[in-house]
Amino acid sequence: MLTSEPRFSARVESSSLKTSSKLNFLNDLPLDISMRMLADHAYEQYKAGGDLKVLEFAIQSYHVAIDATKDDSPDKVATIHRLGIALYARSQCVGESQDLEESISLKQLANVLTPDNSPDKHLLLSSLATSILSRFEREGRVEDLEEAIGLWTSALELQVPDGHIDKPLLLNNLGDSLRIRFEYSGSISDLEKAIEVHGRAVDLTPDGHSDKAWLLKNLGNAFERRFGLLGNLDDLEMAVVLNGRCVDLTPDGHPNKPNYLDNAGGSLQARFSRLGSLEDIEQAIMLQTQAVALTSDAHSRKPGLLNNLANSLQDLYERTRDMKDLENAIAHQTRAVDLSPDTHRDKSIHLNNLGIKLYILFKQSGNRGDLDKAITHQTRALELTSKGHFGKSTWLYNLGCLLGERFKQTDDIEDLNEAIRCSSRSVELLQENHTGRASMLRSLGTLSITRLQSSHGAQAEDATCAMEAFLEAMQHPNSHPLEKLQASGQYANLLTEFSNLFAVPPRLTLLGAYGHAMSLIPQCVWLGNNVRSRYTSDELSIVGEVANDAVTAAIVSGQYGLALEWMEAGRAVVWSQVLQLRTPLDDLRRLHPQLADDLHLVSQALQLAASPSSTASLPASTETQLFPDIQAKSSHGLALEYEKLITRIRELEGFEGFLRPKTLAQLAGASISGPVVVIIVHKSRCDALVLHRTGEIVHVPLPHLSLSCAMDLQKSLWDILRAKRLLNRCRDDLRDERDDRGGRVTAMDPPDLMRIILANLWNWVVKPIMDVVCTLVPPSSTLPHVTWCPTGPLVFLPLHAAGIYPSDDRINAPSQTIMDIAVSSYTPTLEALLKPRARVTPAGQDPRVLIVSQPDTPGGSPIPGTTTEAAIVMSLVGESKPLDDADGTVQAVLEGMTTHEWVHLACHGAQNHADPINSAFLLYDGRLTLAELMSHHLPNVNADLAVLSACQTATGDEKLPEEAVHLAAGMLNIGYKSVIGTMWSISDHVAPDVMKVFYTVMAEQVKAGGDLQPAYALHEATKALRNSNGRGGLNDFLRWVPFVHFGL
């Protein structure tokens, strides 16, 4: 039996206690009872206000109460346990390990003295588990973590039914411990189980219960952590909703209000980091500022609140680059450090974060003193971290990165050597199955390469270290696929530069490494995320870069077929996923009908869950049913089920290649109507691969083209377009004079600049390719049809108009242009050209045409030329349905597209550069967005031709050139075989002229029968405009160049 001498008189003045005069009645009670009541009262006041002096008084009072209580008293065990709780609380504030050890001893004693059939046994087990878990967090002993989980599991097994008042508490604590084990081990199953038990805790707690907000907060944190791991925006949305609900449920003045405000801010901060909405981060800072203001400096929670506010301010700075935000972040982080004694369990976290912010300041200021301070704080964080602390490997990793940065400044080899030692040690400390292991291995490999490239390195040793690090990282089973893909690329680069310094594993040669990287692409851009998150995340740009490296390596190796396969696998990744969910299942249904039905249902559900407008929500009326509903609807779970079904199908005979990337043999059909030219723009070289209808691939080096040249051409073109404000369909003719707001971008007029751009495209790109193409195509009375599939900056450049054009003063001089020798089309992928080529309507029969015109869209500038244009189209086609002005609603257009073979859209169009899937046609009652188009699919029998006589319908997203995130690609991918689009804004007066010639030629093709050739019709229309003396003209490039054809 634990006993102790009285620490002070039982009648000590309790001046620290509020309303202490009301406690005078305690003097008339027995000493053990009065001191226990006094201690309980003090502890409750400490929980409300966080005053350590009050907690000290409570602990002293509990000691006196224990000494005054007889051993056989039924209150003895309860008082021992309460002292253990109070000591645990002080250990969390002050960080004294002695307090924590004594807390564990007292709670263990209370458990020993309490039989298993006691109604309070489960609470004693839970309380002991809390203290043991804290010791794990402090010392990192895995056995403590396992014991804590075992204690909570035992507590739940003590016949605590679902209706028991303490069941939610036990479930919550078990969930927290499982989440912590996930943080330590990286086991995703622990995190999934944590969400499950947290969800049960919420479901079992009625609305209005005092613990409801707390339980919702913990469930929200678990969802947010899974979002951080898997990137599923549904999880993040749930975290935002749940934490916001916590704030709403908690009245002002409640002691937990600051904590809930802070958590709500944290979720919004995470959403800002993913989606970039300034409103989110500003709201997060407002909530976290409130949390800080509501908490006194004496409260143990204050440093953590300051830390989180500082992190949000750092995020805001990284968006706005306003130095005041960074200065405020550093000031709050410094306060968090200053308010934390060295014994505080989170002191090392605050020091680590201060080091990161000072590093950011160094990157901005260039002042090496800031970097030195960052290293000092990071070093101190390590000194304060015990050997087994879960954060130790992270602090080592960060210090290694900082020292590596200082080496770049000083060339001091000791910094680099220490950086490599820290990085190596961080890998050693991290469990082999941890999800963050690949990231740390990549850092070790990168630092080793840095030393290898310096004059100080031991070449063979560093090369081998980098090779082993990248190899393990790229094959690590639990790490994020994107980290593994990047490691594969780094390993391949290492082989390219330093393979002579180490033995290359036979199965992982250069092309083997890139093959491994390409196999990871579907996992990097995961179906479990909705479409918007796939486009707005960093994954696609990284995938595109690695895929480009892989394609170039295959070309250098002479593996042209492999290069085309990899190019196709790395392009338009999200479109490919969307189309994959719509794949016909006829063969599978014939042989395995149940599997086909299962896949069809999951595909439909996944397509709905992943649609850009799909977000999780938490209606107040269904709050208690939260977890089962979310689990049933989770796109994460659907994606896993989809992958399992695909795996099962591929195990069946004859279905081994089911939904796998297309092989060269399958892709060869893309060139049946003419050569397809794939142009690869890489930082090291540029090449073209010409796919001929025979299946032959001809390689054309492009020695005069480089990535920097292509980027310069794109910038020059876009400077012209910005200066001319070619962002909307214009009511008036394009003005020759420069707009004041656009500024004077160059001394040359746009025609002179355009002439130079088109001439360079001809000399560097198109002419060398066409010289080869002309040898492949037999002579004919009609021009050959060439389909361009460019990459990188060339995606945004008008290859179809390349040529040598005479200046205005030499207008009759001969020209050399692509339009004189070929008809051009574009395609985002080779697979887009594999659609059935037979026309939808029988020969000689007029197609049904939906004609949409919007002369005065609400909220847009008037474009009366659309009315003229619609009338021209109606006069040239057969059966048609006009949707003019107010009739042109979003719903009417979507419905009309399903019943008409052709659609003509004459309206405003806009490419949304901030959120590309919100690029849209502006219709009478709203926007028909790319996101909306992605959720539709037209049957093959009703999708022949889409003419998008609107602005910027084929512009695309500059950050994702390979993804074809524009309206023309959207129409192509929902089922249309041919699409006419525009690379930039078009004149309202010019469009009717182009469409008159286009539809005249198309009508002749319909009458003649045979396959339709919209590319030839557009060629004739733009050539007529180019050769006119009116609104077009040879050198009026901005008017006739933007019209382009996509598809067949």
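The model is predicted. The protein chain holds 41 helices and 16 strands. Of its 1048 residues, 56% are buried. Among contacts between residues at least 6 apart in sequence, 71% join residues at least 24 apart.

**Helix 1 with helix 2**

- Helix 1 covers residues 31-49, and helix 2 covers residues 52-68.
- Their axes come within 8 Å and cross at roughly 160°.
- That angle makes helix 1 roughly antiparallel to helix 2, since the cut-off for this class is over 145 degrees.
- The crossing of helix 1 and helix 2 is left-handed.
- Helix 1 brings Leu31, Asp32, Met35, Arg36, Leu38, Ala39, Asp40, Ala42, Tyr43, Gln45 and Tyr46 to the contact.
- Helix 2 meets them with Val54, Leu55, Phe57, Ala58, Ser61, Tyr62, Val64, Ala65 and Ala68.
- By class, the residues of this contact of helix 1 with helix 2 are 15 nonpolar, two polar and three charged.

**Helix 6 with helix 7**

- Helix 6 (residues 142-157) packs against helix 7 (residues 167-185) at an angle of about 155°.
- The axes of helix 6 and helix 7 lie 9 Å apart.
- The two helices are therefore roughly antiparallel to each other.
- Helix 6 and helix 7 make a left-handed crossing.
- On the helix 6 side, the contact is made by Val142, Leu145, Glu146, Ile149, Trp152, Thr153, Ala155 and Leu156.
- On the helix 7 side, the contact residues are Lys167, Leu170, Leu171, Asn173, Leu174, Ser177, Leu178, Ile180, Arg181 and Tyr184.
- The contact of helix 6 with helix 7 has 12 nonpolar, three polar and three charged residues.

**Helix 7 with helix 9**

- Helix 7 also packs with helix 9 (residues 212-230), at an angle of about 20°.
- Here the axes are 11 Å apart.
- Helix 7 and helix 9 are therefore roughly parallel to each other.
- This crossing, too, is left-handed: helix 7 passes helix 9 in that sense.
- Helix 7 contributes Pro168, Leu169, Asn172, Asn173, Asp176, Phe182 and Glu183.
- Helix 9 contributes Trp214, Leu215, Asn218, Arg225 and Leu229.
- The contact of helix 7 with helix 9 counts six nonpolar, three polar and three charged residues.

- Three strands form an open sheet in the order 11-12-13, with antiparallel pairing.
- Strand 11 (908-910) and strand 13 (926-929) stand at the edges.
- Each edge strand has a single partner strand, so one side of each is left without a neighbour in the sheet.
- From one strand to the next, the twist averages 30°.
- Strand 12 (residues 920-923) is joined to strand 13 by four bridges.
- Ala920 has Thr929 of strand 13 as its bridge partner.
- Helix 36 (residues 890-897) packs on this sheet and touches strand 12 and strand 13.
- The direction of helix 36 makes about 35° with that of strand 13.

**Strands 15 and 16**

- Strand 15 (residues 978-982) and strand 16 run antiparallel and are joined by five bridges.
- Thr982 stands opposite Phe1043 in strand 16.
- Strand 16 (residues 1043-1047) is mostly covered, with five of its five residues buried.

**Two single residues**

- Pro481 lies in helix 21 (residues 481-498).
- Pro481 counts as buried because its relative accessibility is 15%, and the cut-off is under 20%.
- Pro481 and Leu230 are 251 residues apart along the chain, yet their C-alpha atoms are separated by 9.8 Å.
- Gly276 sits in the loop between helix 11 (257-275) and helix 12 (278-293).
- With 22% relative accessibility, Gly276 counts as partly exposed.
- Leu316 is 40 residues from Gly276 in sequence and 9.8 Å from Gly276 in space, C-alpha to C-alpha.
- Neighbours within four places in sequence aside, Gly276 is in contact with Arg271 and Arg319.

Note on methods. Residues are numbered from 1 along each chain as its sequence is written. This is a predicted model: local features need pLDDT of at least 70, side-chain atom pairs count only at pLDDT 80 or more; totals for chains, interfaces and linings use all residues. Side-chain values use heavy atoms; hydrogens and water are left out. Buried means under 20% relative accessible area, exposed over 50%, partly exposed in between (1.4 Å probe, protein chains only). Two strands pair if DSSP finds at least two bridges between them. Axes are lines fitted to C-alpha atoms, for helices over the stretch in contact, and angles run from 0 to 180 degrees between N-to-C directions. Contact means heavy atoms within 4.5 Å. Angles under 35 degrees count as roughly parallel, over 145 as roughly antiparallel, 65 to 115 as roughly perpendicular and the rest as oblique. A crossing is left-handed if the near helix is turned anticlockwise from the far one by less than a right angle, and right-handed if clockwise. Ala, Val, Leu, Ile, Met, Phe, Trp, Tyr, Cys and Pro count as nonpolar, Asp, Glu, Lys and Arg as charged, and the others, Gly among them, as polar.
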